[in-house]
Amino acid sequence: MTPNMIKEIISKAALRAGQLEEHDYLPKTEIQAAQFVPHSWVVSAMYELANMSHKMESAIRQYTIGSDSDTQMLLDSLPKAKPLSPVEVVKDEHGYWDHPNWPAWDEMNTLAEINHYTLQQGYRLKFLHFEDYFSNERLERYFADGDADISDWNPVCEHDGSFLLSIYENEDGPRAVFAVPLINKPAKREQAA
């Protein structure tokens with residue numbers, strides 16, 4: 001990815017943000033976005049990120065995740081992030097919860113970014129969908145009646161060593177996401193929460 005490509009990405013992102021937020025320095029129109037000049041440090045940081053991402057993708061393609069030694073070599077080559085490990089799950093009154101070291105992801109983050117962060121920790125993600133675990137009556141209460149209380153849902157991941165990262169809600173309904181160790185194999189069901 002070239003610096004010019006990065007500037008184009010930044011200009012488009014600045015336009016989206018400028019149309020949503022009230023900041024005088026952000027472009028509000030396509031013409032302003034085309035003239036927008038991001039700070040050089042932003043372009044440099046994005047360039048470093050693109051290069052790191054490229055190196056990581058190359059390393060992933062080079063090593064087949066499967067053997068413990070290859071996996072460990074890959075993990076050792078990645079930059080370190082805030083450590084993820086199992087913690088006590090104390091859901092809020094409606095049944096939602098986030099791991100304290102799990103970043104506050106939003107719609108601006110891509111699944112690739114989230115996977116990158118998790119891979120740095122030595123885990124892959126496993127998503128569970130609320131609608132796969134309840135009767136039509138219970139789903140109707142949530143989706144049709146607007147009952148957002150999902151405290152009766154205690155999602156479980158079937159992989160040994162996995163642990164809960166978040167129970168959250170998106171436009172498709174409640175989801176649970178687990179961290180699954182890259183090295184371990186599937187095992188018996190364990191209660192997550």
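Q: Which residue just after H5 takes a positive phi?
A: That's Gly-122, and its phi is about 95 degrees. Keep in mind that this is a predicted model.

Q: And H5 itself, which of its residues are buried?
A: Helix H5 covers residues 111-120, and its buried residues are Ile-114, His-116, Tyr-117, Thr-118, Leu-119 and Gln-120.

Q: Let's zoom out. How many helices and strands does the protein have?
A: Six helices and six strands. Going along the sequence, the pattern reads α-α-α-α-β-α-β-α-β-β-β-β.

Q: How much of the protein is buried?
A: Buried residues account for 32% of its 193 residues.

Q: OK, sheet next. What's the strand order in the open sheet of four strands?
A: The order is S1-S4-S5-S2, and the pairing is antiparallel.

Q: Which strands stand at the edges?
A: Strand S1 (97-98) and strand S2 (123-129) do. Each has a single partner strand, so one side of each has no neighbour in the sheet.

Q: What holds strands of a sheet together in general?
A: They pair through backbone hydrogen bonds, and the pairing can be parallel or antiparallel.

Q: How many bridges do S4 and S5 pair over?
A: Seven, in the antiparallel sense. S4 and S5 also make a hairpin, with two residues between them.

Q: How many bridges join S1 to S4?
A: Two, and those strands run antiparallel. For a landmark there, Trp-97 stands opposite Ile-167 in S4.

Q: What about Leu-125, buried or exposed?
A: Leu-125 is buried, because its relative accessible area is 12% and the cut-off for buried is under 20%. You'll find Leu-125 in strand S2.

Q: How far is the C-alpha of Leu-125 from that of Leu-164?
A: They're separated by 9.9 Å, and the two residues are 39 apart along the chain.

Q: Switching to charges. What lets charged side chains pair up in general?
A: Side chains of opposite charge can pair when their charged atoms come close.

Q: And how many salt bridges are there here?
A: The count comes to three. One of them is between the side chains of Arg-175 and Glu-131, at 3.0 Å from N to O.

Q: Where do Arg-175 and Glu-131 sit in the chain?
A: Arg-175 is in strand S5, while Glu-131 is in the loop between S2 and helix H6 (136-143). That pair links distant parts of the chain, 44 residues apart.

Q: Is that Arg-175 buried or exposed?
A: Buried, at 6% relative accessibility. Glu-131 is partly exposed, with a relative accessible area of 27%.

Q: What does Arg-138 pair with?
A: Arg-138 meets Asp-152 in a salt bridge through their side chains, again with 3.0 Å from N to O.

Q: Which residue forms a salt bridge with Arg-141?
A: Asp-147 does, and their closest N and O atoms are 3.5 Å apart. Asp-147 counts as partly exposed at 28% relative accessibility, and Arg-141 counts as partly exposed at 33%.

Q: One more. Which residues gather in the patch of negative charge on the surface?
A: Asp-106, Glu-107, Glu-171 and Asp-172.

Q: Where is Asp-172 found?
A: In the loop between strand S4 (163-170) and strand S5 (173-181). So you can look for that residue at the turn of the hairpin, where two residues lie between S4 and S5.

Q: And how accessible is Asp-172?
A: Asp-172 is partly exposed, with a relative accessible area of 44%. The residues in a patch need over 30%, so Asp-172 clears that cut-off.

Terms used: Residues numbered from 1 in each chain as written. Predicted model: local features only at pLDDT ≥ 70, side-chain atom pairs only at ≥ 80, totals over all residues. Heavy atoms only, no water. Patch = residues over 30% accessible without salt bridge, like charges linked within 9 Å, V, L, I, M, F, W, Y side chains within 5 Å. Areas by Shrake-Rupley, 256 points an atom, 1.4 Å probe, with all protein chains shown as cover. Salt bridge = Lys/Arg side-chain N within 4 Å of Asp/Glu carboxyl O. Lys, Arg positive; Asp, Glu negative; His and termini not counted. Charge placed at Lys NZ, Arg CZ, Asp CG, Glu CD. Buried < 20%, exposed > 50% of the residue type's maximum accessible area, 1.4 Å probe, protein only. Pairing = 2+ DSSP bridges.
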